[in-house]
Amino acid sequence: MLALRDERTAICLSPQYLAQFPAALATATARLQNEEPSTARFQRTLSQAIDDETAAQLLPRLPAVLLARMRSAQAPGSHALYGLPHPDDDPHNLWLDPAEFALYTTFRLGLPLAPEPTWCTLCRGTSVADVHGVHSLSCIGSGVRTTLHHTIRDWVFDQASVAGWAPVREPAVPNSNLRGDVLVRSGVRWSLVDVAVINPVAMTNLPHAMSAPAGAATAYEQTKHDTYDAAANAAGWDVQPLVFDAFGGWGASAVPFLRHLAHAAGARQWTPIHRRVQRNARALHIRLARAVCRVLFANTPAAQPLLG
């Protein structure tokens with residue numbers, strides 16, 4: 001049994017329960033022996049350690065597609081939608097309505113959206129739409145990847161405008177036939193932002209998607225560097241890939257860039273510093289979730305009960 005050395009609060013934990021999580025137990029014991037943690041901080045540390053160890057035990061047993069989905073959900077920034085909204089937030093831009101929330105959360109959890117597979121209405125019945133929405137988000141006929149791509153591109157342009165980063169939409173890279181999505185200037189550095197939306201369970205992406213949080217999105221960043229680095233660097237520009245996977249994960253370099261952009265734009269809007277990143281990430285994720293919901297509902301009429 002463990003108890004916090006805090007006169008105000010004592011937390012008792014079952015030894016039988018903790019025995020299932022030896023690494024979490026070691027973390028908790030070390031903190032109790034070496035520090036005087038606050039109750040809240042200790043609880044967060046212990047809960048995270050138990051979650052991490054539970055994931056390490058369960059993930060290797062999952063089927064490939066479900067493992068890719070879970071790895072995506074582990075990625076930083078992928079859960080921005082589920083942060084607690086602030087009472088001052090705009091209900092339209094920073095909240096999903098109950099129907100959208102139910103449908104999108106059902107998809108994110110990998111639960112069935114329909115009782116059985118059906119012929120895909122988006123590609124005129126040439127493929128089967130699975131009950132979990134995976135085909136719907138990769139179907140060429142849905143146009144969802146284009147919609148998600150343009151949503152991210154336009155979001156970066158709008159936020160960079162607010163931040164005073166002098167954005168240029170779809171700039172041509174000098175002395176090449178390449179175009180990026182947005183060119184921005186932060187300080188004295190110019191960065192060429194190029195957006196990609198990928199299907200993490202495509203055959204070429206699945207091994208990466210299974211290997212690490214948002215692994216497929218992070219691996220695809222190298223494709224962007226291979227394409228743009230030589231020409232962009234010759235022009236004095238950095239290359240910033242923004243790769244988003246259809247399950248909600250961002251490539252590793254995208255999250256620091258989006259955080260930097262959120263702070264810069266939030267400062268111009270007098271947003272309290274502690275709310276800038278969460279508010280900005282939530283607003284973007286809600287736009288992406290709405291695009292996903294439109295496609296899922298179009299191809300899975302049986303999801304209608306979820307919509308009310």
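Two strands pair if DSSP finds at least two bridges between them; strands (E, at least two residues) and helices (H or I, at least four) are DSSP runs numbered from the N terminus. The model is predicted, so local features need pLDDT of at least 70 and side-chain atom pairs pLDDT 80 or more, while totals for chains, interfaces and linings use all residues. Residues are numbered from 1 along each chain as its sequence is written, and side-chain values use heavy atoms, without hydrogens and water.

**Exercise 1.** Determine the order of the strands in the open sheet.

*Solution.* Step 1: the order of the 4 strands is E3-E4-E5-E6, with mixed pairing. Step 2: strand E3 (168-169) and strand E6 (237-245) are the edges, each pairing on one side only. Step 3: E3 runs antiparallel to strand E4 (residues 182-186), joined by 2 bridges; Arg169 has Val182 in E4 as its bridge partner.

**Exercise 2.** State how many disulfides the structure holds, and whether Cys139 is buried or exposed.

*Solution.* Step 1: with a disulfide taken as a pair of cysteine sulfur atoms within 2.5 Å, the search finds 0. Step 2: Cys139, at 7% relative accessibility, is buried (under 20% relative accessible area; exposed is over 50%, partly exposed in between; 1.4 Å probe, protein chains only).
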